[in-house]
Amino acid sequence: MPDQAPRAGLSAAILLAAGAGLRTGHETPKQVRTLAGKPVVAHALDALRAHPGVGPMALVVPPGSEDAMRSLLGPRAEGLTIVAGGSSRRLSVRAGLEALAGSEPGAAHVLVHDSARPLLPVAVIDRVLGALADGARCVVPVLPVVDTLVRSGGDEAGQVVDRSTLARVQTPQGFDFAALMAAHQQWTGPEEPTDDAQMLRRAGIDVALVPGDSALEKITGPGDHERMERILTAGMSTRVGMGFDVHRLVEGEDLWLCGVQIPHSHGLSGHSDADVAIHALVDAILGALAEGDIGSHFPPSDPQWKGAASDRFLAFACDRVSARGGRIDHVDVTIICEAPKIGPRRGTMRARLAEIMMLQEARISVKATTTERLGLTGRGEGIAAQAVVTLRLPDDDAEAAS
Ligand code: CTP
Ligand code: MG
């Protein structure tokens, strides 16, 4: 996980996920549905986290769902302030501001973003932070209105409205932290604002506009989620990778399999912790990426990997998938040994792999088999493992790499 310690000059961020998502017509709130392999809320969270200009972050969730959100996010929740929201978007922003002011005082700027806008381009964050750095106190990303606009009812129904002076408002909006806090404290209504910039404008602060991005479209009505899923899936090609590994079983070593330590008479020997299952899995991922094998990235000859926990190798391989713009669809690991029994620990192993890979458990299979007491595994001389990984990479990446 990236370092979450507050650093001077970084903007704070509030990620809003406290709505009920009623307009989608779906029974599950839109921010927690799975989109392209991870919860909707995790998309913008990852984008904000990965940005070097963003530091402390508050995630605002429906009251009472803090623990559920923490477990949904797993390791992504590390270093994140998760706070209960209010009955309106305005009150949710205020809850986020107060949480940040309490836990991370000192940030000069704050971004406020709707988690219902999962596709958050780096360039938009750059533009908003850039305008704040240039002295703006309230920055809003906007898109031009491209359709002809008319009045929809009343005496003027059908009459054209001049669209050249209009724009569509998106998030993340960027603010001077103190100015946004003051606007919230002073807000008297009576109407309920749908964004924060209108509150700052009411307080007499200029609103700076920067170009938004069509990718930032909000999930609002029925079908929006599915449309976004199609956009994310189009232009990706499937890659399959396989990995295989064997380590020797010896006395006096710890036994690690799938990142879980298992009490046993023997352990696996090797330069790292010799987690044969993770090694096979790492090779499968690197194979699907056509990026060599575990030995080429972490040479056994290098003393820094002596006794190293193999979860680092797995996290590295998963980071490579993300860096290439890809995502893992599924992994299937088979452990081949007579003993210990894998079945009773399968659930723990899947949960641990899910944690390291930041992948849902449903996408992780761990199986085991014996070789009927035949061969090296049958005689208990070693444990073997094989893994198959299915992942997707952007088509343009596939072309570039071929
Ligand atoms: N939001 C929030 N707290 C609220 C209401 C909304 O944090 N009390 C957040 C939503 O989670 C969303 C963003 O504000 O990320 C934009 O709101 P909207 O699209 O209206 O989402 P919902 O309120 O969840 O949806 P609906 O209005 O259809 O119920
Ligand atoms: Mg709403």
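Biologist: In this predicted model, which hand does the crossing of α8 and α10 have?

Modeller: The crossing of α8 and α10 is left-handed, and the label rests on the near helix being turned anticlockwise from the far one by less than a right angle.

Biologist: Why are α8 and α10 called roughly parallel to each other?

Modeller: Helix α8 and helix α10, which covers residues 311-323, pack at an angle of about 20° with their axes 9 Å apart. Angles under 35 degrees count as roughly parallel, and α8 and α10 are therefore given that description.

Biologist: What makes the contact between α8 and α10?

Modeller: On the side of α8 the contact is made by I278, H279, L281, V282, I285, L286 and L289, and on the side of α10 by D311, F313, L314, F316, A317, C318, R320 and V321. By class, these residues divide into 12 nonpolar, one polar and two charged.

Biologist: Which residues meet where α8 packs with α11, and how are they classed?

Modeller: I278, L281 and I285 in α8 meet L353, I356 and M357 in α11, and by class this contact has six nonpolar, no polar and no charged residues.

Biologist: How do you know that C318 is in no disulfide?

Modeller: A disulfide needs a pair of cysteine sulfur atoms within 2.5 Å, whereas the nearest cysteine sulfur to C318, that of C258, is 13 Å away, so C318 is in no disulfide. The structure as a whole holds zero disulfides.

Biologist: What makes C318 count as buried?

Modeller: Buried means under 20% relative accessible area, and C318, at 8% relative accessibility, therefore counts as buried.

Biologist: What is noted about the phi of C258, and where does C258 lie?

Modeller: C258 has a positive phi of about 55° although it is not a glycine, and it lies in the loop between β14 (256-257) and β15 (260-261).

Definitions and conventions
Residues are numbered from 1 along each chain as its sequence is written. Chains are lettered from A and ligands numbered from 1 in the order in which they are written. This is a predicted model: local features need pLDDT of at least 70, side-chain atom pairs count only at pLDDT 80 or more; totals for chains, interfaces and linings use all residues. Side-chain values use heavy atoms; hydrogens and water are left out. Contact means heavy atoms within 4.5 Å. Helices (H or I, at least four residues) and strands (E, at least two) are DSSP runs, numbered from the N terminus. Ala, Val, Leu, Ile, Met, Phe, Trp, Tyr, Cys and Pro count as nonpolar, Asp, Glu, Lys and Arg as charged, and the others, Gly among them, as polar. Axes are lines fitted to C-alpha atoms, for helices over the stretch in contact, and angles run from 0 to 180 degrees between N-to-C directions. Angles under 35 degrees count as roughly parallel, over 145 as roughly antiparallel, 65 to 115 as roughly perpendicular and the rest as oblique. Buried means under 20% relative accessible area, exposed over 50%, partly exposed in between (1.4 Å probe, protein chains only).
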